[in-house]
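Q: Please take a close look at one side-chain contact in this structure. Then show me what lies around it and how the rest of the chain is put together.

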Amino acid sequence: MRQMKTPLFSGLLEHANRNPIQFHIPGHKKGMGMNPAFREFIGENALSIDLINIAPLDDLHHPKAMIKEAQELAAEAFGADHTFFSVQGTSGAIMAMIMATCSPGDKIIVPRNVHKSIMSAIIFAGAYPIFIHPVMDEKLGISHGITVKSVQKALEAHPDAAALLVINPTYFGIAGNLREIVRTAHNYEIPVLVDEAHGVHIAFHEDLPISAMQAGADMAATSVHKLGGSLTQTSILNVREGLVDVDRVKTVLSMLTTTSTSYILLASLDMARQHLSLNGRQMTERAMQLAEKAREMINEIPRIYCVGREILGKPATYAMDPTKLLIHVRDLGITGWEVENWLRDKYQIEVEMSDLYNILCFVTAGDSEETIQILVNALRDLAVEFAHVQAEEQPTISLPEIPVLSSTPRDAFYAPTETIPLTEAAGRVITEFIMVYPPGIPIFLPGEVITEENIAYIQENIRVGLPVQGPEDESLKTIKVVKRQTAISG
């Protein structure tokens, strides 16, 4: 019964209904001071609760009333000891996790295919990343997660690591054996941090991969807006006591969080938590049924393949979220990017992501039989339109060698730099990020030593048409490296 409560949203409504005269920000004052066209579109209800942390409404930085109760209800719903609301997105929650556990010079074990927010946090913290290569799926051209065996090897080599970070599930809905990974790390008394950006719903259905909190992880940055029904930019940070200093987490979160927190965003988190806790299983079951129906129909279309449970059974593919439709189009003889544009132009369908070989579509409780059928019909038409195209031999996706890290990414990022030709950069320390997508794994990160082999890897990817991204010089003719100090002569 407690989960039926919505203390934050209800408190906001009560305040708005009192209709106080406002002499505080935001300056639009219930919409009266803004562009009338925008006010009309957004609506009076939303603008009436676009408020800030005045005394009756609690304060996200030091919650003692309605926000405190809303976060406690969220902790109960997600199986955490503490849950903190984030209006800085999951990126903000990820940064807080890392900066709360890592001090300058500390090691953190991370997969090589991490989100840029993780590397940003490592730079801010001044930590040393210890990389584990994720398992590559050469057929699909994507990376999965990390294995228990690779985690064990990393921990044996670096038992003094401050934390281990795991992505669970991946962007594509694939999960490793998280429970065993957590158990392995805890044997070394090392906390496990989970990037759970794409897994807010998995805690609410027994046929989905287990959630970070269910697996015994110490912290999880969980995006509620992606698949949980809250507004864009809202996430939560779930924390388990023991190996993590909760007060430190609170301090770092406060440092990273705006003092002008949006109460519309916070209220949407409160309401999404209620909806998930009361109806999450039913909503997820509905999404799973729609997705499985779509998968079955898509796999009847010639030369198009939608990944299913047949992918499971290996260490890095321990479980999957079937609501993610990873649709492989390589055999059509066109790229995923071309398919994305074709669907947009012909059917006004927007997909989540495309790459060289695939498109990715998310199915949620917000879908219907009609939206699924439109997608399937579009893909049928796609297969007919490109039936005459001969599938060419596509470049093989391979992993680059992980370079030697000569300094912390922070030291390299802030070091004096110079720009030199890529072809002359072997042996120098890079200050930029360079990655190829797919598979979305960095070739170089700040602080790593450039090698001839990885220069050749970059040039080969450019030659076969794979997008190499990251440096300021998008042509990849030059890159920035740590400037060499020259002696001053008298």
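A: The side chain of Asp 321 makes a polar contact with the side chain of Thr 323, at 2.7 Å. A polar contact is a pair of N or O atoms within 3.5 Å; within protein, one must be able to donate a hydrogen and the other to accept it, and residues adjacent in sequence count only if both atoms are side-chain atoms. This is a predicted model: local features need pLDDT of at least 70, side-chain atom pairs count only at pLDDT 80 or more, and totals for chains, interfaces and linings use all residues. Residues are numbered from 1 along each chain as its sequence is written, and side-chain values use heavy atoms, with hydrogens and water left out.

Where does Asp 321 lie? It is in the loop between strand S12 (319-320) and strand S13 (324-328). Helices (H or I, at least four residues) and strands (E, at least two) are DSSP runs, numbered from the N terminus. Asp 321 is buried, at 0% relative accessibility. Buried means under 20% relative accessible area, exposed over 50%, and partly exposed in between (1.4 Å probe, protein chains only). Leaving aside neighbours within four places in sequence, Asp 321 is in contact with Gly 173, His 201, Leu 208 and Pro 209. Contact means heavy atoms within 4.5 Å.

Next, the domains. The chain is divided into domain 1 (7-276), domain 2 (282-386) and domain 3 (409-482). These bounds come from an automatic or database domain assignment. The centres of domain 1 and domain 3, taken over C-alpha atoms, are 30 Å apart. Their contact takes 20 residues from domain 1 and 15 residues from domain 3.

Now the cores. A nonpolar core is a set of buried Ala, Val, Leu, Ile, Met, Phe, Trp, Tyr and Cys residues joined through side-chain atoms within 4.5 Å. The largest has 41 residues, and Leu 8, Phe 85 and Leu 266 touch the most other members. Helix H1 (7-18), helix H4 (66-78), helix H9 (224-227), helix H11 (263-298) and strand S15 (358-362) each supply at least two residues of this core. H11 gives the most, with eight residues. Domain 1 and domain 2 both give residues to this core, so it lies between them. Leaving aside neighbours within four places in sequence, Leu 266 is in contact with Leu 8, Leu 60, Ile 67, Phe 85, Val 87 and Thr 261. Another core lies apart from this one, with 34 residues, among them Ile 94, Ile 118, Val 239 and Val 249.

Ile 118 is one of the buried residues of helix H6. H6 (residues 116-125) is mostly covered, with seven of its ten residues buried. These buried residues pack against helix H5 (89-101), strand S2 (107-111), strand S3 (128-132), strand S6 (163-167), S8 and helix H14 (409-413). After H6 comes Gly 126, with a positive phi near 75°.

Aromatic rings come next. Rings of Phe, Tyr and Trp (its six-membered ring) pair if their centres lie within 6.5 Å; planes under 30 degrees apart count as stacked, over 60 as edge-to-face and the rest as tilted. By this rule there are five aromatic pairs. Phe 78 and Phe 204 have ring centres 5.4 Å apart and planes at 80°, so the pair is edge-to-face. Phe 78 lies in helix H4 and Phe 204 in the loop between strand S8 (192-196) and strand S9 (219-223), so the pair ties together parts that are 126 residues apart in sequence. Both Phe 78 and Phe 204 are buried. Tyr 171 and Phe 172 form a tilted pair, 5.7 Å centre to centre with 40° between the planes. Tyr 171 is partly exposed, at 23% relative accessible area, whereas Phe 172 is buried at 10%. Ring pairs link Tyr 171, Phe 172 and Phe 362 into a cluster.

Some backbone details remain. The peptide bond from Asn 168 to Pro 169 is cis, with omega near -10°. Pro 169 lies in the loop between S6 and strand S7 (174-175). The bond from Ile 25 to Pro 26 is also cis, with omega near 5°.

Last, the cysteines. The structure holds zero disulfides; a disulfide is a pair of cysteine sulfur atoms within 2.5 Å. For Cys 306, the nearest cysteine sulfur is that of Cys 361, 8.4 Å away. Cys 306 is buried at 1% relative accessible area, and Cys 361 is buried at 8%.
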